[in-house]
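Here is a short briefing for a first look at this structure. Keep the sequence and the 3D view at hand while reading.

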Amino acid sequence: MAALLMGAFGLSAAGPAQAAAPLDSIGLVDPTKGVWYLRTAGGSVWSFYFGVPGDVPLVGDWDCDGVDTPGIFRPATGAAHLRNSASTGAADVVFSFGLPGDVPLAGDWDGDGCDTLGVYRNGRVFVRNSLDTGPADASFYFGAPGDRPFAGDWDGDGSDGVGLYREGAWRAYLRQSLTTGLADFEFYYGTAGDRIVAGDWDGDGDDTVGVYRRSAGRFYLSNENGQPVADLVIPFGGGAFTPVAGAFSPPAPPG
């Protein structure tokens with residue numbers, strides 16, 4: 001099984017993407033089975049189960065240890081299930097935030113080094129600074145219904161803002177503050193069928209965009225927001241997986 005995964009997920013491909021060893025890396029989730037495939041910056045891949053079919057995958061540093069681990073948002077109930085290890089097992093934290101049908105996102109909204117949740121609802125963002133049930137700590141209008149939300153530290157100040165990807169136009173809109181207003185940056189990136197991700201690919205302290213191209217089984221990652229050409233092209237996966245990105249590390253072996 002390990003050999004099959006290595007072939008299917010591009011580990012045999014060598015090149016600049018592996019040598020660059022970016023701080024953040026990429027992963028894929030099979031939403032029909034709850035199987036996660038995460039890749040370290042050095043190129044190793046491991047897999048595990050977390051969640052059930054229909055869950056929306058998330059990643060974040062839930063316990064503030066500098067490593068991103070899996071989470072899921074269950075749209076039918078508005079409940080988040082978060083795990084502090086990138087391995088098969090039960091959730092360490094479960095709580096409700098938002099409403100059924102909301103689109104979830106994860107980020108460090110207050111710059112405290114810990115990721116928490118937000119939801120996107122018909123052009124409005126709601127974020128909470130703790131991993132428990134309660135009202136939003138901030139809410140604001142940004143974008144339009146149908147936009148796909150994501151989070152990142154666009155200006156390197158230590159706290160995350162919100163981005164939106166307008167599928168069909170293939171245009172990204174990034175806002176640095178958690179307030180109603182226009183995008184601070186907007187640019188075209190990707191093409192039909194691409195799915196957006198964001199991360200600090202080169203370790204310079206700010207997050208930039210990338211896309212997962214299902215048809216090609218490749219990630220295209222840019223080190224500057226606004227440039228049309230990817231700096232890193234990484235063969236990984238292929239097909240209708242959901243892309244994720246973060247600072248990933250496999251769990252320590254038992255014993």
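On a 1 Å grid over the protein atoms alone, a cavity is a set of points where a 1.4 Å probe fits but cannot get out, and a pocket is an open set with protein on both sides within 12 Å along at least five of seven lines; lining residues have an atom within 4 Å of a point. This is a predicted model, in which local features need pLDDT of at least 70 and side-chain atom pairs count only at pLDDT 80 or more, while totals for chains, interfaces and linings use all residues. Residues are numbered from 1 along each chain as its sequence is written, and side-chain values use heavy atoms, with hydrogens and water left out.

**Cavity**

- One cavity of 30 Å³ or more is found in the structure.
- The largest cavity holds about 50 Å³ of space. Grid points are joined across faces, edges and corners, and a volume is the space filled by probe spheres set on the points.
- Its lining consists of Val29, Asp30, Pro31, Gly34, Trp36, Phe50, Gly51, Val52, Asp55, Val56, Pro57 and Ile72.
- Strand 1 (25-30) and strand 4 each give two or more residues to this lining. Strands (E, at least two residues) and helices (H or I, at least four) are DSSP runs, numbered from the N terminus.
- By class, the lining of the largest cavity has eight nonpolar, two polar and two charged residues. Ala, Val, Leu, Ile, Met, Phe, Trp, Tyr, Cys and Pro count as nonpolar; Asp, Glu, Lys and Arg count as charged; the others, Gly among them, count as polar.

**Largest pocket**

- The largest pocket holds about 1200 Å³ of space.
- It is lined by 46 residues, and those closest to its centre are Val59, Ala106, Ala151, Ala198 and Ala245.
- At least two lining residues come from each of strand 4, strand 8, strand 12 (148-152), strand 16 (195-199) and strand 20 (242-246).
- The lining of the largest pocket divides into 21 nonpolar, 11 polar and 14 charged residues.
- Ala151 sits in strand 12. Ala151 is buried, at a relative accessible area of 16%. Buried means under 20% relative accessible area, exposed means over 50%, and partly exposed lies in between (1.4 Å probe, protein chains only).
- From Ala151 to Ala198 the distance is 7.2 Å, C-alpha to C-alpha, although 47 residues separate them in sequence.

- Four strands make an open antiparallel sheet in the order 3-2-1-20. Two strands pair if DSSP finds at least two bridges between them.
- Strand 3 (45-49) and strand 20 are the edge strands, each pairing on one side only.
- Neighbouring strands here are turned by 25° against each other on average, direction ignored. Axes are lines fitted to C-alpha atoms, for helices over the stretch in contact, and angles run from 0 to 180 degrees between N-to-C directions.
- Five bridges hold strand 2 (residues 35-39) and strand 3 in an antiparallel pair. Across this pair, Tyr37 faces Ser47 in strand 3.

- Another open sheet of four strands has the order 4-5-6-7 and antiparallel pairing.
- Its edge strands are strand 4 and strand 7 (93-96), each with pairing on one side only.
- Strand 4 and strand 5 run antiparallel and share five bridges. Leu58 has Gly71 in strand 5 as its bridge partner.
- Four of the five residues of strand 4 are buried, which leaves the strand mostly covered.

- Strand 17 (residues 208-213) and strand 18 (residues 218-221) run antiparallel, joined by four bridges. Gly210 stands opposite Leu221 in strand 18.
- The two strands form a hairpin with four residues between them, and Gly217 in the turn has a positive phi of about 65°.
- Strand 18 also pairs antiparallel with strand 19 (residues 232-235), over four bridges. There, Arg218 is opposite Pro235 in strand 19.

**Disulfide**

- The count is one disulfide, defined as a pair of cysteine sulfur atoms within 2.5 Å.
- Cys64 and Cys114 are the partners, with an S to S distance of 1.8 Å.
- The pair links distant parts of the chain, 50 residues apart. Cys64 lies in the loop between strand 4 (56-60) and strand 5 (69-74), and Cys114 in the loop between strand 8 (103-107) and strand 9 (116-121).
- The torsion about the S-S bond is about 110°, so this disulfide is right-handed.
- Cys64 is partly exposed, with a relative accessible area of 38%, whereas Cys114 is buried at 15%.
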